[in-house]
Amino acid sequence: PSNPQLYVVLPYNTRAPISPLIAAILYDTPAYPGGVNDSVVVYADPYWPSLINMAPEIVEARVHPGMLFVVANDPTVYYADPDGTMRKVTDAGFTANHFQRRFVRRVPQSAASGIPIGTDIDGLEPMIDDPTQGANN
């Protein structure tokens, strides 16, 4: 759609509005060489109908569900789980869930402070790996 609003795509076919300022803090710094340098990706019109749910606007520079990130200078990759935890992603978990390092973002410590650590992702997680996010179940 012709909409200048920025959105973040979250798990479960959900999108959430986000301001350019908050998006810059969370998305402007790739964690690895060759990472996606653009903080904005234009989502083609045919894909919009799959984003059937709308979440409230992201108004704080805090990691959000579905985000892959490293904190400051720590090389540990985390996944922001919808359950409110941050889960370490092992190499095996990265491969099993088809994650791509180019989408891992480097965030400031303040973006993840106080978030509890969940269980590691060290194998296939069907809901994470499912591109339909359960829509076809």
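The model is predicted, so local features need pLDDT of at least 70, side-chain atom pairs count only at pLDDT 80 or more, and totals for chains, interfaces and linings use all residues. Residues are numbered from 1 along each chain as its sequence is written, and side-chain values use heavy atoms, with hydrogens and water left out.

**Exercise 1. The whole chain**

Work out how many helices and strands the protein chain has, and in what order they run.

Step 1. Helices (H or I, at least four residues) and strands (E, at least two) are DSSP runs, numbered from the N terminus.

Step 2. Count. The protein chain has 3 helices and 7 strands.

Step 3. The order is β-β-α-β-β-β-β-α-β-α.

Step 4. Turn to burial. Buried means under 20% relative accessible area, exposed over 50%, and partly exposed in between (1.4 Å probe, protein chains only). Of the 137 residues in the protein chain, 39% are buried.

Step 5. Check the contacts (heavy atoms within 4.5 Å). Take those with a separation of 6 or more: 69% join residues 24 or more positions apart.

**Exercise 2. Strand E4 and its partners**

Decide which strands pair with E4, and in which sense, parallel or antiparallel.

Step 1. Start with E4 itself (residues 68-71). Leu68 and Val70 point one way, Phe69 and Val71 the other, and all are buried.

Step 2. Take E5 (residues 78-80). E4 and E5 pair in the antiparallel sense over 2 bridges. Leu68 has Tyr79 as its bridge partner in E5.

Step 3. Read the link. The hairpin of E4 and E5 has 6 residues between the strands, and Ala72 takes a positive phi near 50 degrees.

Step 4. Take E7 (residues 105-107). E4 and E7 run parallel, joined by 3 bridges. Val71 has Val107 as its bridge partner in E7.

**Exercise 3. The aromatic cluster**

Classify the ring pairs Tyr79 with Phe99 and Phe94 with Phe99.

Step 1. Set the rule. Rings of Phe, Tyr and Trp (its six-membered ring) pair if their centres lie within 6.5 Å; planes under 30 degrees apart count as stacked, over 60 as edge-to-face and the rest as tilted. The whole structure holds 3 aromatic pairs.

Step 2. Tyr79 and Phe99 have ring centres 6.0 Å apart and planes at 25 degrees, so they are stacked. Tyr79 is in E5, and Phe99 is in the loop between helix H2 (91-96) and E7, 20 residues apart. Tyr79 and Phe99 are buried.

Step 3. Phe94 and Phe99 have ring centres 5.5 Å apart and planes at 70 degrees, so they are edge-to-face. Phe94 is buried too.

Step 4. Join the pairs. Tyr79, Phe94 and Phe99 form one aromatic cluster. The charged end of Arg101 sits over the Phe94 ring, 4.1 Å from its centre.

How values were computed: Pairing = 2+ DSSP bridges. Lys NZ or Arg CZ within 6 Å of the ring centre and 35° of its normal.
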